[in-house]
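Reader: Can you take me through a few spots in this one? I have not seen it before.
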Number of protein chains: 2
Amino acid sequence: MARHAIGVDFGGTKVLAAVIDVESGEVIGTGKKKTSAKDGPDELMKRIFATCDDAMDDANISIKEIEGIGVGIAGQVDAERGLLVGTANLSRSVVDLPMAERILEKYGVPAQIRNDVQIAAVGELTFGAGKGIDNFVCIFVGTGIGGAIIQHGELVKGHTGNAGELGHTTVDIEGRICGCGGRGHLESYASRTAITAAVLGELRRGHPSILSDLLPKIDPANPGRAAIRSGILRKAVEAKDDVAVRIVTAAGVYLGYGLASIVNFQNPQRIILGGGVIESVDLLFETAETVARREAFPNAGKQVEIVRAALGDNSGVVGAAVIAATA
Amino acid sequence: MARHAIGVDFGGTKVLAAVIDVESGEVIGTGKKKTSAKDGPDELMKRIFATCDDAMDDANISIKEIEGIGVGIAGQVDAERGLLVGTANLSRSVVDLPMAERILEKYGVPAQIRNDVQIAAVGELTFGAGKGIDNFVCIFVGTGIGGAIIQHGELVKGHTGNAGELGHTTVDIEGRICGCGGRGHLESYASRTAITAAVLGELRRGHPSILSDLLPKIDPANPGRAAIRSGILRKAVEAKDDVAVRIVTAAGVYLGYGLASIVNFQNPQRIILGGGVIESVDLLFETAETVARREAFPNAGKQVEIVRAALGDNSGVVGAAVIAATA
């Protein structure tokens with residue numbers, strides 16, 4: 001009989017749940033909701049429950065056939081206690097939320113809570129671009145830049161659980177202030193948020209770009225939490241829009257320097273790049289790869305394999321389900 | 001009966017050999033010679049043999065009691081084939097030198113060749129500041145800046161053998177050209193070489209400093225391969241010499257940013273700082289620690305233990321001997 005678990009990937013804009021066959025990695029059924037930065041702890045849990053219910057409906061599977069539920073979320077997590085410690089993208093009222101306990105109360109199955117990038121890395125390790133690779137690093141470019149390290153075939157959690165945070169390494173010591181408060185962090189130059197800020201700046205200064213038409217709803221003078229969708233960025237780059245090409249190239253150069261540092265410091269066999277912006281915008285991937293190989297030690301830079309994540313949007317839910325089933 | 005091996009630490013200015021009791025880590029006897037950048041492969045091997053002979057004489061132990069010889073050297077090494085691939089600090093004629101084979105021919109015992117920082121990390125892991133710690137990073141500040149990663153209790157070698165090279169990660173994307181050809185690497189800001197260059201620049205511009213008296217032999221206009229000895233730097237800092245304090249503080253800030261990136265990316269339980277400059281100049285250690293804790297994620301930065309290497313100059317020879325005895 002197949003073994004099933006539910007994986008939940010809770011992101012800055014949406015929450016995705018899926019019933020996964022944990023022996024094959026197959027997605028049996030899915031549910032999806034938007035998330036809101038205003039959600040308090042109860043609304044957040046309700047949204048997770050609703051997507052889990054939808055995924056089970058879609059898979060035509062009842063909770064009795066589910067071994068466990070794994071949740072990945074962009075934030076600080078205490079995996080041992082099943083706690084969401086806090087997150088930059090959600091309401092400040094979401095602090096020390098005992099997610100695993102709430103899930104156990106609701107469904108009567110054990111739950112595991114992890115960082116969103118760590119679940120994606122486990123997904124790629126088990127069924128994706130990291131299968132059979134002992135020693136790789138995953139980097140996901142989205143709202144922020146997250147990462148995860150697999151060493152000796154295992155996820156490196158780190159002493160306080162934050163290992164892999166390449167987005168928060170300094171690439172320019174006198175550089176931009178990061179959302180986390182740090183200085184010159186890679187995330188401030190190469191994330192979707194950084195790209196959006198740079199584009200809106202160019203539009204505000206009146207530089208001609210088809211992005212002014214493609215982004216009708218953002219007021220450049222008051223962008224708020226605006227984020228350019230990856231598909232729109234791809235369209236503009238494919239149309240050779242000067243603003244888009246220039247800004248994506250600059251982001252790719254920074255990302256490439258970050259990857260070169262990883263190649264020199266961690267010296268992985270493989271780097272797996274994923275996330276919405278990477279998947280959509282080839283120019284970002286290609287620029288980052290070129291710069292990484294050029295800037296790294298010659299031998300290490302030549303030999304490292306730089307590839308795209310294989311499971312796309314599903315790497316997170318697959319990995320979360322695997323963690324839930326093997327915990 | 002005690003088990004003995006010889007560890008050799010071949011650096012930019014000296015080569016140190018020691019007979020080690022590999023069960024206790026005790027140094028039984030030592031030998032030491034200067035090295036020369038002009039040495040070809042034969043001179044280099046002769047120097048190693050002479051220090052090994054001296055160490056055995058000093059220990060009053062014959063080669064029959066030696067299980068193996070481990071050599072650590074600042075350069076690119078092919079550990080599997082026992083090859084010194086090349087090194088920046090020695091003659092260009094030293095390429096693909098089969099050190100393990102030469103040692104076996106000479107002494108009839110097996111030999112292991114490793115990077116100089118990797119042997120020091122193994123020394124600290126086995127008998128020093130990393131004993132019992134599963135997950136730490138060593139950083140050694142000397143002529144360059146080297147590092148090594150211990151993960152899951154094992155040395156992380158990396159796919160091409162260069163894991164741990166924190167000195168060659170970019171901290172300033174538009175920054176100084178590194179000796180390796182890279183740009184903005186930490187080593188260009190915080191190594192003894194970088195500190196020396198900055199000091200000589202200040203002296204050349206006529207800034208008053210007691211270092212002009214302490215460094216009688218360096219011609220600021222033509223520094224060549226000059227390197228300020230750590231003891232002299234310490235004297236100048238202790239005398240509150242403005243040039244020395246300013247330059248060491250600046251180096252410490254860069255080193256601190258590099259460590260903060262490590263805390264965020266690798267999230268180790270402990271960081272072990274070693275090397276001549278760190279041992280001698282407290283201001284460098286203290287500045288780096290303060291900046292690292294300030295710039296890292298709050299929780300990770302608070303919890304990481306930042307300590308000095310415990311074996312001092314001997315971490316390399318102890319580690320090399322341990323590797324030779326356990327290979």
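Author: Here are some notes on helices and loops. The model is predicted: local features need pLDDT of at least 70, side-chain atom pairs count only at pLDDT 80 or more, and totals for chains, interfaces and linings use all residues. Residues are numbered from 1 along each chain as its sequence is written, chains are lettered from A and ligands numbered from 1 in the order in which they are written, and side-chain values use heavy atoms, leaving out hydrogens and water.

Reader: Ok. What does α12 of chain B span from its first C-alpha to its last?
Author: Helix α12 of chain B, residues 315-326, covers 16 Å with its twelve residues, close to the 16 Å expected at 1.5 Å a residue. The expected span is 1.5 Å times one less than the number of residues. Helices are DSSP runs of H or I with at least four residues, strands are E runs of at least two, and both are numbered from the N terminus.

Reader: And how many of the residues of α12(B) are buried?
Author: Eleven of the twelve, so α12(B) is largely enclosed by the rest of the structure. Among them are Gly316(B), Val317(B) and Ile323(B). Buried means under 20% relative accessible area, exposed over 50%, and partly exposed in between, with a 1.4 Å probe and protein chains only.

Reader: Different topic. At what angle do α1 and α2 of chain B cross?
Author: Roughly 50°, with the axes of α1(B), residues 41-59, and α2(B), residues 99-107, coming within 11 Å. Axes are lines fitted to C-alpha atoms, for helices over the stretch in contact, and angles run from 0 to 180 degrees between N-to-C directions. The two helices, α1(B) and α2(B), are therefore oblique to each other; under 35 degrees counts as roughly parallel, over 145 as roughly antiparallel, 65 to 115 as roughly perpendicular and the rest as oblique.

Reader: Which residues make the contact?
Author: On α1(B) they include Leu44(B), Ile48(B) and Phe49(B), and on α2(B) they include Arg102(B) and Tyr107(B). Contact means heavy atoms within 4.5 Å.

Reader: Now chain A. Where is Asn60(A)?
Author: Asn60(A) sits in the loop between α1 (41-59) and β4 (66-73) of chain A. Its phi is positive, about 60°, although Asn60(A) is not a glycine. Asn60(A) is exposed, at 70% relative accessible area.

Reader: What about phi of His152(A)?
Author: Positive too, near 55°, in a residue other than glycine. His152(A) lies in the loop between β9 (145-151) and β10 (154-155) of chain A, and is partly exposed at 26% relative accessibility.

Reader: Last one: is Ser191(A) buried or exposed?
Author: Buried, at 1% relative accessibility. Ser191(A) is in the loop between α4 (187-190) and α5 (192-204) of chain A.
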